[in-house]
Amino acid sequence: MRRRKVCLVGYGSTEYSRKSEEPLLRHYAQAIGAALDQTGLKKSEIQGFSVTTQASPDYSPHVAEQLGLELDWVLNGDYGGAGGVTSVRRAADAIEAGHIDVAVLVGGNSFDKSVVHQRPLEYQRANYVDVYGYGGPNTLMALVQRRHMEQYGTTLEQIGKIAVTQRENARLNPQALLRDPMSLEDYLKSRMISDPIRLFDCVMPCSGAECVVLASEERARSITDKLVYLVTDAEKINYQVANMLPDKTTFGIKVVGDRLFADVRREQIDLFELYDDYPIAVMIQIEDLGYCGKGEGGKFVESHDLSFKGNFPVNTGGGELSVGQAGLAGGFLHIVEALRQLRGEAGPRQMKKAERALVTGIGWLSYGRNLGTTAGLIMERRA
Amino acid sequence: MAEKSLPKINKIDQPFWQGAAEGKLLIQKCRACGKLQFFPRVVCTDCFSRELDWVQARGEGKVHSFSWVFVPRNPAFKEEVPICYATIILEEGVIVESRVVGEKAKAVKIGDKVKVVFQETASPEIKLPVFELAG
């Protein structure tokens, strides 16, 4: 539970595009500009600033220089897919500590060829994984999915339902790049990438940016009357790292969930924005969060409606699977969609009751185990 | 033209690659607590001892999980697809990532017994430990 009150007061998104070579800085500027327009904040009121990206020159003080930001707090929020949630945590800590009152967090990606977009592989990935001709994260998640299918009898139909339902949600989201109808058959017939991971298990890389604005409660009241509080948040890094016989089908999200639900009851959550680099990762998170037992995710998905109108709404805007993954903006996409729902700004996909949202971020598939970085938060709309 | 990835051998894992070149699968053993571990590190991941020995694994184990790779990250590997990328549990109780190779690999299942073999690479000094189905 947060000791002092911190609010999420606004957001901004760019349009997404598949292969745009627009400079990433322009994407950042556009997302931040949209957030400033929404909140009415002036550039000079930004005290804290964080950048989440894998584009190597984009060290946050340098980005801030190019955007003309003079700051009291700065962060590189680069923790893979967990970078959105962890950046929010760091900024909330700084606000609680009284260092700053307002923080702007941005994540993004572009295909600008003048910029290096991937860091070099870390030593263990380079020397013990890449040398065998692995297929990147697709292969590492395929190992997890095959274990889940083997251990618990999980079926492709159950996993595919997640992708199919998210596509239905995306059809009402103008930001989503993938809005054509997709059937379970389409999913099952999609091209094999790294068996059992198929094309429609994978996110589509794209360019764009997402921005989130945090403020102290006192400051938030002067910015918006749509007050969304950060209620509780937690992270687990390198879960099972010393275990040489790790359980591949349980993520650090299990520990994160236990911490979050010490403060809020599971049944109080209205919507779930679960990091969806792959549908199997969504299923495992539902288990790890304790909404069903380990291995029962397949049956849970089968017996619940995951759409924005359903009894267990997941990734109400279509998630990264259907919107597209603008690099590490992916971790912010889920936070922004939760804010849209809680503020009543989700348009045709607006949920009837959206008071509390749970958002997760997971990132970096580690050697022999699964996710290296895992984090979660719960936000709540109050009058 | 991309080349197939090779390890960039460093001061931490030089003994491992030296062993592989000689047909030995080496893993680390903590001198303080006896824990075995892989990949090579500078400390014991259990007790943080900096005193680590190298021991030779038997090279036998079971398939823990696997994926047939059709789209390798490094396009130089495309000529070899599908590649059977796998996690193997060594008899010593340590998980390793590698490949399952050989004609019989096509029928690989979780739980199958495997044995290490050492594959030549483009570099004369480097051999890669990979696994074949046993029996």
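Chain A holds an open sheet of nine strands with mixed pairing, in the order β3-β2-β4-β7-β1-β8-β11-β10-β9; strands here are DSSP runs of E with at least two residues, numbered from the N terminus, and two of them pair if DSSP finds at least two bridges between them. This is a predicted model, in which local features need pLDDT of at least 70 and side-chain atom pairs count only at pLDDT 80 or more, while totals for chains, interfaces and linings use all residues. Residues are numbered from 1 along each chain as its sequence is written, and chains are lettered from A in the order in which they are written.

The edge strands of the sheet, each pairing on one side only, are β3 (73-76) and β9 (271-273) of chain A. Two strand pairings, one in this sheet and one between the chains, are set out below.

| Strands | Sense | Bridges | Opposite residues |
|---|---|---|---|
| β9(A) and β10(A) (residues 356-365) | parallel | three | A:Glu273 and A:Val359 |
| β5(A) (residues 192-195) and β4(B) | antiparallel | two | A:Asp195 and B:Trp68 |

The contact between the chains takes 32 residues from chain A and 35 residues from chain B, where two residues are in contact if their C-beta atoms, placed from the backbone, lie within 7 Å. On the side of chain B that touches chain A, at least two residues each come from β2 (36-37), β4 (60-69), β5 (83-90) and β6 (95-101) of chain B, and β4(B) gives the largest share, five residues. That side divides into 18 nonpolar, ten polar and seven charged residues, with Asp, Glu, Lys and Arg counted as charged, Ala, Val, Leu, Ile, Met, Phe, Trp, Tyr, Cys and Pro as nonpolar, and the others, Gly among them, as polar.

How values were computed:
Helices (H or I, at least four residues) and strands (E, at least two) are DSSP runs, numbered from the N terminus.
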